[in-house]
Every structure is written in structure tokens, then in C-alpha cells.
Amino acid sequence: MNMTEKTADSPTDGSLADYAKTLPKPEPTVFDYDPITVHGKMAYLAGQIPKRDGGIVFSGLAGEAVSLDEAKSAARLCTEQALAWLNHSAGGLDNVERILRLKCFVAHADGFTQISDIADVASGLLGEVFGAAGRHSRAVLGVKSLPRNSPVLIEMTVALRQPVD
Amino acid sequence: MNMTEKTADSPTDGSLADYAKTLPKPEPTVFDYDPITVHGKMAYLAGQIPKRDGGIVFSGLAGEAVSLDEAKSAARLCTEQALAWLNHSAGGLDNVERILRLKCFVAHADGFTQISDIADVASGLLGEVFGAAGRHSRAVLGVKSLPRNSPVLIEMTVALRQPVD
Amino acid sequence: MNMTEKTADSPTDGSLADYAKTLPKPEPTVFDYDPITVHGKMAYLAGQIPKRDGGIVFSGLAGEAVSLDEAKSAARLCTEQALAWLNHSAGGLDNVERILRLKCFVAHADGFTQISDIADVASGLLGEVFGAAGRHSRAVLGVKSLPRNSPVLIEMTVALRQPVD
């Protein structure tokens, strides 16, 4: 969390390092690619789906098997996975200089119109955690399907303060 | 406009600064994210939808509520919004060194097959405005839905000549 | 191919330059955009579809007109086109420092659930060719349609060892 921009609903009242301890364990990928690529002062996150403890927590289409509230929870978990990987592989959350770009893909039923509300959960969490450094450009896309039948997938591009090794 | 590569159908006969005056007002975002993130010599545009004067001008699926011609107009307006934000927040259009990448997402009806024709409007406009600096890599994707029921969303990644502040 | 990480199923037993000779001819784009944008030490590939000898080899939806095996072959050809462009315009395959990010879009029939299996072909090939430098972050998205009715489109972002001119 950005210490100078705390708000009442900030995830923690402590430091970014303290907040990082509350994150879920970063979940590995299951094939020949990486959950995050760090190169110079940039980090490229893979598309994060709502995984925890080795399994996917939400599956199905938003507006069908997955309610709006569940899809929002999924977006939060995707974002937490991204943060967990940044913490693990990009020099810790304190090394985040700026969240540059966020993409939120939502797999949804016909007629579902609340994809931006789902992305707002991700954008809001990044603002709570990083303050101004968490503000980002964003695109939200309603798609047909996502890996493992996930309702939400979130991808981020992040600028770092210092290269990692 | 690139003064050395003017064509008969260039948006203006004058400078990039003159052209910028003809652009629509850049439309703000409605949640906790930014329409453009500028970092070092890079600008990351948020997904632009066809907004003008605070409202969305086209809504519905291409090939259904939105005709091909209207979807092309939407793509033009999305591109103009991106240019308006570059002009406003990235040091002016003269500070654009290269349009690196464009993504065009089209929400369309079943059986609609002209998504590339819609993206061509965006690519063509960038070439008219910037000449060789406007040439970019591109991906065009047909999706299920877009924010605010927009038929088109355009995202760009841009290299700048100089950092902004 | 990374000479230090050869595997039995590596595309060639020789150098990256030898492997490059086995790639299909890079196919040009048909409108006012570029198949690859090289800027500084970065290369941004356009969305590659399965083209060869001026035509598209696979068209239709995965799980409908295009079988899973055909979609996998399409993903391989998309990846080979990307490699052919890197070889042609980015200083040769030896100039690839790291594949930073891969996006795989699959246009598929209702109920098709194997989009990640299709992307695995692309990820696997990059690992075979480049070894550790081919490991990348990845997102896989199931979409409604792709240009020229392609079942697969692959986009990459690549870090280079040296700028190209």
C-alpha cells in the first residue's frame, strides 16, 4: 500500500511488505510458459485466472454459472495472483514503480452487460494498494471463453523501480 | 500530419499542431483508471471507445444495430480519441516517434466477417496523420461485447520522442 | 535453437540460422500496417494468422470446420510466421534476447474447451527454438472471430539483443 495515500478501505494499515503477506500463494503455470516475465525494468504478467491452492475457484460464464458478485470476486483473486507474482519474482511490491496497463477479459453469457463493473474491482484494488502508482490504462473485453472455463482473466504490464538481478 | 509524406486525403494541409485542433475533446474515464499512461518515452493508451461530448456515439453489435459504415465511423472516432489523448497528455502529436502497436476489437453479430475493414480505418488514419511514423503492427479481434455496448474498441502503444516531465 | 538446451524433438540439430532456413516465407500484410514493428531493442509482432504462399491455410472455427489437430497446426504456422518475421526484420533469430509475451486468440465453436492445448503448440515451439530465452508470459483467449476467418491468431512481444539500424 502506498503509505501516503491510505484510505479507509485500504487492504492493510501497514506497509506493502505487510500487505504482501496477506496475498494468496502465487500459483504456477501448468505448461511451458511463465506466470511473469521480468526483463530490465519491466514485468509482463501472464493472464491470471482465479486460482488458489492449486485449483480454479470460479468457473463458468459470468451471468450464467457465475454471478456478478462471484465474477467480481474472481477479478479480485486474479489481481491478487498478479500481485503475488510481482511480489515473488519482481523484487517485491515495493519495487513496483507504476502499473502501466491492465487488460480484463470476461467470458460471459448472452446479454450480460456488466463487464466494466468486474474490471473496476481490479482497478480499485490496484489504487488501494499502490495509490497513484496503481493508476493504469485499461481495456475490458467480453470474450467467448477463457482457459479452464474461467469467467475472468487479467493481464498487467508493470514498470519496476530497479531491474531484478 | 507528417509534412514530408502528405497525401491528397490527408486530414489537414497544415502541421500536426493544426490537425490536433480539429480533434474531438479527449473524453475522461469514469472509474479509477487513466485514459493514457505515459512512462518514460512510452505511452500506453487505454481502450478507446467512440465517445464524444460525454456520451457514446455508437452502440450495439456491428452487423446488427450498427452498420458496417457506422462501425467504420466508430473506429475513426476511437482513433481520434486516442490522438486527442496523445496530444493532451503525451507532449503533443509532434512528440509521437512511432505508433508501435494497434489493437482493434470489434463486437459483432453472428456471421459478420468485415472486422479487418473496420480496423483499416484506424490504420489508414494513422498513416495519414503521421506518415511512416504511423505505421504499426496490428491485431484485429472479433469479440462478444465491449464496454458500454460499444461496437469497437481501439488500443495503442506509442513510442515518444521525449519523456513528458 | 538454443545450442545449450537441445532436446530430442528440437526443430533442427543445427544453429538458429540453420533453423531459420526451414521457416516458411514471411507473408506480407495486405493493408497499411506492418507485420512487425522494431523499435530500439523491442519487436512488436502483428497478430499472425496461418498464412503460407500468399494464402491462409486454415479457416473456420476450431471445433467446427477446423479440428483440434488442425487448429494446433494453425498455431504452429502462426508461430513460424512470427519467427520468419523476426528473422527477416529483427536482425535474425540470434538477435532474440527473450520472448516476453505471447497472446493466442482462438475463434471456436460453442462448447469447445481446448484453447490452451492450441496455445501449448506455440509455447512449446518457442521453448524448442530458443530454450530459456523462449519462455514467456502468456494469455489465451477464446474469441468470436478473427481476420480472414482464421481459427488462430498469435501475437508476440520480443526483446532484442541489439537494435536494428
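I began with strand β5 (residues 96-107) of chain C: 11 of its 12 residues are buried, so the strand is largely enclosed by the rest of the structure. I call a residue buried if 20 or more other C-beta atoms, placed from the backbone, lie within 10 Å of its own. Helices (H or I, at least four residues) and strands (E, at least two) are taken as DSSP runs, numbered from the N terminus.

The model is predicted; local features need pLDDT of at least 70, side-chain atom pairs count only at pLDDT 80 or more, and totals for chains, interfaces and linings use all residues. Residues are numbered from 1 along each chain as its sequence is written, with chains lettered from A and ligands numbered from 1 in the order in which they are written.

**Neighbours of β5(C).** I looked up the pairing next, where two strands pair if DSSP finds at least two bridges between them. Nine bridges join β5(C) to strand β7 (residues 152-160) of chain C in the antiparallel sense. Within that pair, C:Glu155 of β7(C) stands opposite C:Lys103. β5(C) also runs parallel to strand β6 (residues 137-143) of chain C, over seven bridges. Here C:Val106 has C:Gly142 of β6(C) as its bridge partner. Between β5(C) and β6(C) the chain passes through helix α3 (residues 115-130) of chain C, in a right-handed β-α-β crossover. Right-handed means that, with the strands pointing away from the viewer, the path from the first strand over the helix to the second runs clockwise.

**Core.** I then examined the largest nonpolar core, which has 172 residues; A:Ala75, A:Cys104, B:Ala75, B:Cys104, C:Ala75 and C:Cys104 touch the most other members. Such a core is a set of buried Ala, Val, Leu, Ile, Met, Phe, Trp, Tyr and Cys residues joined through C-beta atoms within 7 Å. Leaving out residues up to four places away in sequence, I find that C:Ala75 touches residues including C:Cys104, C:Ile118 and C:Ile154. Contact requires C-beta atoms, placed from the backbone, within 7 Å.

**Chains A and B.** For this contact I count 22 residues from chain A and 21 residues from chain B. On the side of chain A that touches chain B, β6(A) gives the most, with seven residues.

Methods
Two residues are in contact if their C-beta atoms, placed from the backbone, lie within 7 Å.
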